[in-house]
Amino acid sequence: MKIYIIGPPASGKTTLSKILSKKYNIESYELDKLVFDDDNNHIRRSNETISKIFNDILVKDSFIIEDVGRSKFVKGLEKCDKIYYISLNKYEVYKRVIKRWFNQKLGKEGFNYPPTFAQLIDMFRVVNSYYKKEKKKLDYINSFKDKVIYLDKDKLNELENR
């Protein structure tokens, strides 16, 4: 099975991918970690390296990939069997970003990059950017409507609490 999870930052993509990975015994890939090299000060990888790693994932028999729906990864939508689209309103995501940031500052949650105040402000910028492009993402995703599963806050909570 090949699964693609799309949603805004802090929407529960990683949690959902871990649940599905355990349930189906499928390796999951966080595309932020593909784009940014966390073993090397979170620097951005070259486009060539990103493409190679991504294409290596896509040829696998099964995978779970999660992302905010960047256009460079649309090939994954074509290759997958299921697309989970996490649909939360912007203010719910803001609350989740703030909660995550505090949990990271308190050491209750891991992080890919240090939880500085500048990083929190940047996450708000990323959330705003996501919602400015959401309609375009949804229009494209809807072309795969036979394999899309839409998850609102209640459905997501139900999956996370099983």
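Helices (H or I, at least four residues) and strands (E, at least two) here are DSSP runs, numbered from the N terminus. This is a predicted model, where local features need pLDDT of at least 70, side-chain atom pairs count only at pLDDT 80 or more, and totals for chains, interfaces and linings use all residues. Residues are numbered from 1 along each chain as its sequence is written, and side-chain values use heavy atoms, with hydrogens and water left out.

**View A. Five strands make an open sheet in the order E2-E5-E1-E6-E7, with parallel pairing.** Two strands count as paired if DSSP finds at least two bridges between them. Strand E2 (28-30) and strand E7 (148-151) sit at the edges with a single partner strand each, so one side of each has no neighbour in the sheet. From one strand to the next, the twist averages 15°; axes are lines fitted to C-alpha atoms, for helices over the stretch in contact, and angles run from 0 to 180 degrees between N-to-C directions.

**View B. Strands E1 (residues 2-6) and E5 (residues 63-67) run parallel, joined by five bridges.** Look for Ile5, whose bridge partner in E5 is Glu66.

**View C. Helix H6 (residues 117-141) packs on the sheet.** H6 touches E1, strand E6 (82-86) and E7, contact meaning heavy atoms within 4.5 Å. The direction of H6 makes about 150° with that of E6. Helix H7 (residues 153-160) lies across E6 and E7, running at about 95° to E7.

**View D. Ala10 has a positive phi of about 65° without being a glycine.** Ala10 is in the loop between E1 and helix H1 (13-24) and is buried, at 8% relative accessible area (buried is under 20%, exposed over 50%, partly exposed in between; 1.4 Å probe, protein chains only).

**View E. Asn25, also not a glycine, has a positive phi of about 55°.** Asn25 is in the loop between H1 and E2 and is exposed, with a relative accessible area of 71%.
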